[in-house]
Amino acid sequence: MQNNQIYITFGLYLIIILGIGIYAYRSTNNFDDYILGGRKMGSFVTAMSAGASDMSGWLLMGLPGAIFLAGLSKAWIAIGLTIGAYMNYRVVAGRLRIFTENYANALTLPEFFAQRFPRQKKALKIISSAIILFFFTIYCASGVVAGAKLFQSLLGLDYSTALWFGALATIIYTFIGGYLAVSWSDTIQATLMIFALLLAPVMVLLNLSWEEISQALENKSALTQIPYSNWLHNVSGIGVVSALAWGLGYFGQPHILARFMAADSVQSLVKARRIGIGWMFLCLGGAVAVGYFGLAYFTAGNIALDNAESVFIELSKQMFNPWIVGIVLSAILAAIMSTLSAQLLMCSAAITEDFYKGFFRKTASSLELVWVGRLMVLVIAVIAMCIAQDPNSKVMSLVSYAWAGFGAAFGPVVILSLFNRNISSKAALWGMLSGALTVVIWSPLMQYWGWDDLAKLYEIIPGFLVCSFITITSSVFAPVNTQVAEKFDQALAEFNRRSRA
């Protein structure tokens with residue numbers, strides 16, 4: 001009976017999400033609607049969608065699992081992410097919204113790069129789209145892995161079967177509804193996520209006194225030699241810097257930047273920042289608390305946990321009645337679906353807008369592009385599922401690699417394209433390539449040379465620095481293109497005008 005209650009709640013959530021997809025399908029009239037929702041998203045939807053698409057399954061599985069294994073030393077990641085998200089809203093959001101509209105109403109990041117740096121238009125489209133496809137496919141695989149582990153725990157399925165259940169849940173409504181479905185459902189999903197993340201640690205505190213929690217953690221620390229309450233345990237200077245550097249990734253994440261591009265105004269983004277950062281602070285704090293208090297709860301009860309990344313799932317089953325468990329598990333699926341759907345949509349946009357329309361079918365109708373986009377959602381999802389076949393895959397490691405790739409390849413170019421009128425097209429192209437390549441080769445190269453400490457440095461740091469250095473220094477020696485500079489000045493003037501409105 002208890003399992004039936006969980007299944008009913010979980011099933012109702014899936015029905016609601018599918019209903020949103022069907023409704024969004026009827027509201028999707030053209031490719032602009034399918035990719036950016038017609039640029040008419042308000043501040044609340046923008047904030048919730050940006051937050052939910054950012055905080056994937058790693059928020060409810062990867063981060064609590066890391067805290068469960070290593071203690072508060074892993075919480076530096078949450079600090080870095082909060083700072084990075086805030087700076088992304090402050091530095092990038094408003095300008096990107098206006099600039100993409102002024103540069104031929106660019107619907108995707110590759111299209112914006114192509115319009116902003118016209119002398120390398122084709123090369124930038126190809127390279128940036130290829131980077132998106134490469135790293136997003138890996139990122140999508142992390143969502144598929146998280147979904148598989150959730151359905152495996154919920155239904156008792158083998159990993160391969162659970163893989164299909166988790167993937168299909170997201171593919172169906174992304175395929176049908178596009179950006180409108182993703183954004184509207186993200187609002188529900190973000191609400192579920194914050195509810196679950198705040199409820200779980202509160203319930204632990206209601207079941208165990210602070211003294212019992214402290215004693216359990218002391219006993220566990222004595223057994224494992226890991227001081228779980230120490231923020232600096234087993235964390236070198238490189239470790240702290242690497243954790244904080246997660247914040248750099250925000251400046252280059254296409255699925256998050258798309259939320260800024262889709263906002264209805266600059267003023268909406270100011271409100272969205274306040275809502276989004278508040279939501280993010282509570283969610284990250286809740287995720288850290290779930291891992292930390294979950295460790296105390298399972299230690300005090302002498303309960304074994306085979307997979308650290310399932311701490312939130314198992315904690316929910318232990319503490320809540322079946323109806324609440326269904327809601328909490330829906331929140332985990334919400335986190336997975338919100339990010340995976342956004343990633344699938346960005347991959348679809350890169351192929352459809354930047355390859356298909358850009359090079360093969362320039363005269364393609366809007367309806368044709370929508371259906372090609374839907375087909376590409378299916379193709380990328382199948383590839384991601386192939387990558388996710390290994391049941392030992394870790395959500396956190398897959399997310400970490402893809403996050404670094406986008407942050408290093410796109411982050412510096414996005415910032416410089418919005419603030420420096422004299423960045424040259426070739427500099428943007430070579431900077432983007434060098435950032436992505438640095439992320440791929442950094443760790444193997446450092447290990448090959450025997451520099452093991454540097455091999456532990458998060459790849460986003462050297463990648464971001466290399467991309468910035470090459471983009472800036474290459475532009476110093478390049479002649480200023482008068483037309484490109486004038487176009488930049490026009491976009492900047494429009495941003496200043498709308499900001500004051």
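Visitor: Why is Asp 489 called partly exposed?

Guide: Asp 489 has a relative accessible area of 32%; buried means under 20%, exposed over 50%, and partly exposed in between (1.4 Å probe, protein chains only), so Asp 489 is partly exposed. This is a predicted model, in which local features need pLDDT of at least 70 and side-chain atom pairs count only at pLDDT 80 or more, while totals for chains, interfaces and linings use all residues. Residues are numbered from 1 along each chain as its sequence is written, and side-chain values use heavy atoms, with hydrogens and water left out.

Visitor: What makes Asp 489 and Arg 421 a salt bridge?

Guide: Their closest N and O atoms are 2.7 Å apart. A salt bridge requires a side-chain nitrogen of Lys or Arg within 4 Å of a carboxyl oxygen of Asp or Glu, so the pair qualifies.

Visitor: Why is Arg 97 called buried?

Guide: Its relative accessible area is 4%, and therefore Arg 97 falls under the 20% limit.

Visitor: How do you know that Arg 97 forms a salt bridge with Glu 101?

Guide: The closest N and O atoms of Arg 97 and Glu 101 are 2.6 Å apart, which is within 4 Å. Both residues lie in helix α5 (residues 76-102), 4 residues apart; helices are DSSP runs (H or I, at least four residues), numbered from the N terminus.

Visitor: What makes Glu 101 and Arg 498 a salt bridge?

Guide: With the closest N and O atoms 3.1 Å apart, this pair also meets the criterion. The pair links distant parts of the chain, Glu 101 in helix α5 and Arg 498 in helix α20 (residues 482-500), 397 residues apart.

Conventions: Helices (H or I, at least four residues) and strands (E, at least two) are DSSP runs, numbered from the N terminus.
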